[in-house]
Amino acid sequence: IVGKWGTRYGANLRKRAKKMEITQHAKHFCHFCGKYSFKRTAAGIWNCKPCGKTQAGGCWSLHTPSSTTVRATIRRLREAQEV
């Protein structure tokens, strides 16, 4: 994937770029229809073809680390309110 850059830019930067490119081209899980079909259509825009849902997410991955933290915090606070 990063062979297009040859020996330029350093190994660590090429490894980071490879990780980003793999996640952005991979299919991600759709919570609406239950299939691995979310594909990146543009920077931060993810689309599921089978169910037609479009979702905003991270630029290179569907869920950013901060959004995962926020989701967990909201779930924890909801559970605390119910108790």
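Predicted model: local features only at pLDDT ≥ 70, side-chain atom pairs only at ≥ 80, totals over all residues.
Is Gly 58 buried or exposed? Gly 58 is buried, with a relative accessible area of 5%, where buried means under 20% relative accessible area, exposed over 50%, and partly exposed in between (1.4 Å probe, protein chains only).

Residues are numbered from 1 along each chain as its sequence is written, and side-chain values use heavy atoms, with hydrogens and water left out.

**View 1. The overall fold runs α-β-β-β-β-α from the N terminus.** The protein holds 2 helices and 4 strands; helices (H or I, at least four residues) and strands (E, at least two) are DSSP runs, numbered from the N terminus. Its radius of gyration is 17 Å, whereas a compact globule of 83 residues would have one near 12 Å (taken over C-alpha atoms; the globule rule is 2.2 Å times the number of residues to the power 0.38). Along the principal axes, the C-alpha atoms fill a box of roughly 55 × 30 × 15 Å. Of the 83 residues, 17% count as buried.

View 2. Strands E1 (residues 28-29) and E2 (residues 36-42) run antiparallel and are joined by 2 bridges; two strands pair if DSSP finds at least two bridges between them. In this pairing, His 28 stands opposite Phe 38.

**View 3. Phe 38 belongs to the largest nonpolar core.** The 5 residues of this core are Cys 30, Phe 38, Trp 46, Cys 48 and Leu 62. A nonpolar core is a set of buried Ala, Val, Leu, Ile, Met, Phe, Trp, Tyr and Cys residues joined through side-chain atoms within 4.5 Å. Leaving aside neighbours within four places in sequence, Phe 38 is in contact with residues including Ala 26, Phe 32, Lys 53 and Gln 55 (contact means heavy atoms within 4.5 Å).

**View 4. Ser 37 sits in strand E2.** At 10% relative accessibility, Ser 37 counts as buried. Beyond its neighbours within four places in sequence, its contacts include His 28, Asn 47 and Pro 50.

**View 5. Gly 58 lies in the loop between strand E4 (54-56) and helix H2 (65-82).** Not counting residues up to four places away in sequence, Gly 58 touches Gly 44, Trp 46 and Thr 64. The C-alpha atoms of Gly 58 and Thr 68, 10 residues apart along the chain, are separated by 11 Å.

**View 6. Trp 5 and Tyr 9 form an edge-to-face pair.** The structure holds 2 aromatic pairs. In this one, the ring centres of Trp 5 and Tyr 9 are 6.1 Å apart and the planes stand at 85 degrees. Rings of Phe, Tyr and Trp (its six-membered ring) pair if their centres lie within 6.5 Å; planes under 30 degrees apart count as stacked, over 60 as edge-to-face and the rest as tilted. Trp 5 is partly exposed at 26% relative accessible area, and Tyr 9 is exposed at 55%.
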